[in-house]
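Let's take a walk through a protein model together. Have a look at it first, and then we'll go through it piece by piece.

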Amino acid sequence: MAQTVRFRLDPDAVAALHALRGRLPRDLAAVDEPAVTVAAATSVPPAARAALDAELRLLVVPSIWLATLGTVAGRPDQLVLAAVVDAELLAVHAAVHDALAGRVKGPVAAHLPGAWLPHCVLATERPAEAFAALHPVAPVRARVEGVEVSG
């Protein structure tokens with residue numbers, strides 16, 4: 001099982017994302033706490049976590065605007081709310097990966113710089129049905145309140 005590095009979102013954004021999931025049929029909605037995964041690996045050992053913590057203390061993490069319904073490569077079974085990607089967000093993402101480089105085992109390619117699409121999962125199956133139930137959506141402004149390693 002992969003370990004993930006996730007941006008924890010502010011309570012208002014989490015509530016808005018839960019409200020979107022609440023509009024879906026119960027069997028489609030994702031059940032995990034809404035967050036944006038920025039990295040994943042088979043192992044994120046303590047040294048990598050310490051380097052990540054030190055790096056993020058130096059950065060201002062911008063708000064994330066989650067605005068576009070869609071699917072992501074490798075997970076066509078999910079419906080996500082994808083972020084508007086800007087230079088600030090990509091710079092923070094690159095800094096996360098710089099801190100983890102050489103310290104994690106088995107990095108997951110979909111989260112590496114150049115391949116990453118920041119998003120929050122709304123539905124875990126039948127994305128076309130979920131899209132029809134949710135479209136259109138208002139953008140969700142998510143402030144990053146912390147970083148967590150899970151899994």
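This is a predicted model: local features need pLDDT of at least 70, side-chain atom pairs count only at pLDDT 80 or more; totals for chains, interfaces and linings use all residues.

Now find the largest pocket, which holds about 690 Å³ of space. Its lining is made of 30 residues, and Thr37, Gln78, His111, His119 and Val121 are the ones nearest its centre. Four strands, β1 (3–9), β2 (35–43), β4 (75–83) and β6 (119–123), each give at least two residues to the lining.

Two of those names come back in an open sheet of 4 strands, which is ordered β5-β2-β1-β8 with antiparallel pairing. Out at the edges are β5 (105–107) and β8 (144–150), each with a single partner strand, so one side of each has no neighbour in the sheet. From one strand to the next, the twist averages 25°. Zoom in on β1 and β2 and you'll find 6 bridges joining this antiparallel pair. For instance, Thr4 has Ala40 of β2 as its bridge partner.

What about the helices? Helix α2 (residues 46–56) packs against helix α3 (residues 87–100) at an angle of about 145°, and their axes are 8 Å apart. Ala48, Ala51, Leu52, Glu55 and Leu56 of α2 make the contact with Val92, Ala95, Val96, Ala99 and Leu100 of α3. As for its handedness, the crossing of α2 and α3 is right-handed.

Note on methods:
Residues are numbered from 1 along each chain as its sequence is written. Side-chain values use heavy atoms; hydrogens and water are left out. Axes are lines fitted to C-alpha atoms, for helices over the stretch in contact, and angles run from 0 to 180 degrees between N-to-C directions. A crossing is left-handed if the near helix is turned anticlockwise from the far one by less than a right angle, and right-handed if clockwise. Contact means heavy atoms within 4.5 Å. On a 1 Å grid over the protein atoms alone, a cavity is a set of points where a 1.4 Å probe fits but cannot get out, and a pocket is an open set with protein on both sides within 12 Å along at least five of seven lines; lining residues have an atom within 4 Å of a point. Grid points are joined across faces, edges and corners, and a volume is the space filled by probe spheres set on the points. Two strands pair if DSSP finds at least two bridges between them.
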